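Please look through the sequence and the structure shown here before reading the report that follows.

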Amino acid sequence: MACDRSNAGNENKDLVTTFAPNLNPNTMATNRTFTMIKPDATGAGHTGKIIDRVISNGFTIKAMKWTQLSLADAQAFYAVHSERPFYGELTEYMSSGPIVAAILEKDNAVADFRELIGATNPAEAKPGTIRADFAESIAANAVHGSDSDDNAAMEGSFYFSQRELA
Ligand code: IDP
Ligand code: MG
């Protein structure tokens, strides 16, 4: 079925208001992305190596915290995937252990970070990408990376207030 996207911008602003009430959708940065180091990677002791990889590839850390999602938090964060068959597995997994959440800055941040982390399935991720080197499976795939500027702003504001950015 053809999808009418003529109202897409406004729908997105409604979503921002619900999901991230402190965020002004008119001032979203285009040079930022949001990441989480996932429970498989924090549990395996890869946190420092992954942060080093991120910094040495030109990303500046604007905010960072070590924390753990409740199941309800994970369900809210991944609400966009609620119809997908792996939603239950994903949200249980993401709340199963500590994560590191961070807002990163770089020109072309969203696309460059997706390139740095590699494909969702580590078996298909290019050699030298973070997922190729550190991920365990398609679910436990070491890191999250936002897929658009708008989602980066919304996901970042899930964890951080404006006053936490440095
Ligand atoms: P992405 O993280 O590369 O953007 P998405 O399709 O947005 O991939 O999926 C979100 C997360 O859901 C993935 O990072 C992974 O942890 C999990 N996931 C994706 N596909 C599957 C699957 O087929 N089985 C189990 N988990 C999956
Ligand atoms: Mg995604």
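This is a predicted model: local features need pLDDT of at least 70, side-chain atom pairs count only at pLDDT 80 or more; totals for chains, interfaces and linings use all residues.

## Terms and model

Residues are numbered from 1 along each chain as its sequence is written, chains are lettered from A and ligands numbered from 1 in the order in which they are written, and side-chain values use heavy atoms, with hydrogens and water left out.

## Surroundings of the ligand

Polar contacts (a pair of N or O atoms within 3.5 Å) can be followed one by one. An oxygen atom of ligand 1 lies 2.5 Å from a side-chain N or O atom of T120, another such pair, with H81, is 3.1 Å apart, and for R84 the distance is 3.4 Å. Taken alone, ligand 1 exposes 530 Å², of which the protein buries 83% (accessible areas by the Shrake-Rupley method with a 1.4 Å probe).

## The sheet

Four strands (DSSP runs of E, at least two residues) form an open antiparallel sheet in the order β2-β3-β1-β4, where pairing requires at least two DSSP bridges between two strands. Because β2 (60-67) and β4 (143-145) stand at the edges with a single partner strand each, one side of each is left without a neighbour in the sheet.

β2 and β3 (residues 99-105) pair over seven bridges in the antiparallel sense, and T67 has I99 in β3 as its bridge partner.

## A helix on the sheet

Helix α3 (residues 47-56) packs on the sheet and touches β1 (32-37), β2, β3 and β4, contact meaning heavy atoms within 4.5 Å.

How values were computed
Axes are lines fitted to C-alpha atoms, for helices over the stretch in contact, and angles run from 0 to 180 degrees between N-to-C directions. A polar contact is a pair of N or O atoms within 3.5 Å; within protein, one must be able to donate a hydrogen and the other to accept it, and residues adjacent in sequence count only if both atoms are side-chain atoms.
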